[in-house]
Amino acid sequence: MTELLQLTILIPLYNEEESLPELHDWIVRVMTEHHYTYEILFIDDGSTDESWSIIERLSSVNAHVRGVRFNRNYGKTAALQVGFQAARGQVVITMDADLQDSPDEIPELYRMIVEDKYDLVSGWKQKRYDPITKTLPTKLFNAVSRWISGVQLHDFNCGLKSYRQKVVKSIAPTLYGDMHRNLPIVANWNGFSRIGEKVVQHRARKYGSTKFGLERFVNGFLDVLVIAFVHRFSKRPMHFFGTFGTLSFLVGSLLAIWLIVEKLINISQGVKFRNATDNPLFYFGLVAIILGVQLFLAGFLGEMLVRQSLGKSADSQIAERVGFIDRIAV
Ligand code: UDP
Ligand code: MG
């Protein structure tokens with residue numbers, strides 16, 4: 001029988017040996033002060049330093065400490081995924097291991113889920129101790145995320161967040177690799193729309209240095225684009241392929257008309273007759289028309305398949321939803 005815990009403190013980490021003992025002691029102080037039932041779940045994402053032996057030592061002195069160790073570095077998203085699956089707390093709080101997130105924020109993040117009934121509360125690092133090369137792309141990323149998802153958060157990627165347990169269980173299967181790391185958007189997409197925000201302190205990194213570079217932003221943007229694409233077009237393939245197909249067809253047709261007009265003008269002015277194929281525009285036009293028709297048909301085919309499968313599965317989907325609601329009500 002699994003124990004019912006109030007809190008899981010989930011900490012993904014990669015080479016954070018210096019911070020771990022201090023972080024552990026601080027969390028324990030907060031837990032003891034508030035009399036929470038809790039577990040601290042460390043996910044060691046393939047550290048090459050002493051992090052894992054420190055986790056083993058901590059768990060031997062504190063029975064609330066659990067750990068998972070990856071055989072190599074899989075990335076923070078993979079670490080969160082495994083943590084979400086293993087978490088036993090009614091509320092799951094994720095935090096970075098580098099002491100940039102303060103455990104003193106935990107009680108309020110917990111309260112907002114339990115009392116204010118939020119599904120997810122995201123930390124907002126209003127004041128950041130980062131260089132402008134990081135804050136500027138972050139601002140842009142957050143603006144794009146808001147615009148695409150409609151989720152009104154200032155800071156989507158803050159490592160400090162709290163989740164209702166059913167939210168982490170629902171989003172865990174949709175995380176993979178470095179993609180889908182925009183967790184508030186995924187949660188919202190899965191129907192958990194009560195998403196709150198809490199201003200949290202951002203402390204300077206005390207030990208070591210950041211594990212992420214520019215590629216995080218590239219991945220982050222790709223993620224948001226994939227989400228937008230799948231979300232907006234997966235049930236409406238015609239809107240995507242159809243529009244491009246039609247545009248391509250129009251461009252090709254305009255070129256064809258222009259070539260005919262040009263030829264007529266030439267003939268009327270007595271210019272020597274030229275083959276249409278002598279003009280490179282002819283090939284552009286031809287390709288654009290063929291491409292346009294192909295894309296349009298692809299969209300049409302997609303739309304037919306989607307409608308067919310939506311129609312067939314509508315009943316079973318509704319049945320599944322009802323079952324799901326039943327399960328969480330228990
Ligand atoms: N992290 C991880 N796997 C990685 C990179 C980072 O688990 O491949 C952890 C890291 O140890 C830290 C958290 O993710 O606990 C946030 O990383 P970091 O502090 O380097 O990011 P920043 O604060 O610079 O955004
Ligand atoms: Mg950090």
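UniProt positions follow the numbering used here, feature names are shortened, and annotations may be inferred rather than shown by experiment. The model is predicted: local features need pLDDT of at least 70, side-chain atom pairs count only at pLDDT 80 or more, and totals for chains, interfaces and linings use all residues. Residues are numbered from 1 along each chain as its sequence is written.

**View 1. The annotated span, residues 8-141**. An unreviewed UniProt entry lists these residues as "domain: Glycosyltransferase 2-like". The end C-alpha atoms of the span lie 29 Å apart, and its content is 42% helix and 22% strand. Helices (H or I, at least four residues) and strands (E, at least two) are DSSP runs, numbered from the N terminus.

**View 2. An open sheet of seven strands**. The order is β3-β2-β1-β4-β6-β5-β7, with mixed pairing; two strands pair if DSSP finds at least two bridges between them. Strands β3 (65-69) and β7 (195-199) form the edges, each pairing on one side only.

**View 3. Strands β5 and β6**. Residues 120-124 (β5) and 161-164 (β6) run antiparallel and are joined by three bridges. Val121 stands opposite Ser162 in β6.

**View 4. Helices α1 and α2**. The axes of α1 (residues 20-34) and α2 (residues 51-61) come within 10 Å and cross at roughly 30°; axes are lines fitted to C-alpha atoms, for helices over the stretch in contact, and angles run from 0 to 180 degrees between N-to-C directions. Helix α1 is therefore roughly parallel to α2 (angles under 35 degrees count as such). Leu20, Pro21 and His24 of α1 meet Ser51, Ile54, Ile55 and Leu58 of α2, contact requiring C-beta atoms, placed from the backbone, within 7 Å.

Note on methods: Chains lettered and ligands numbered in written order. Parallel < 35°, antiparallel > 145°, perpendicular 65-115°, else oblique. Contact = placed C-beta atoms within 7 Å.
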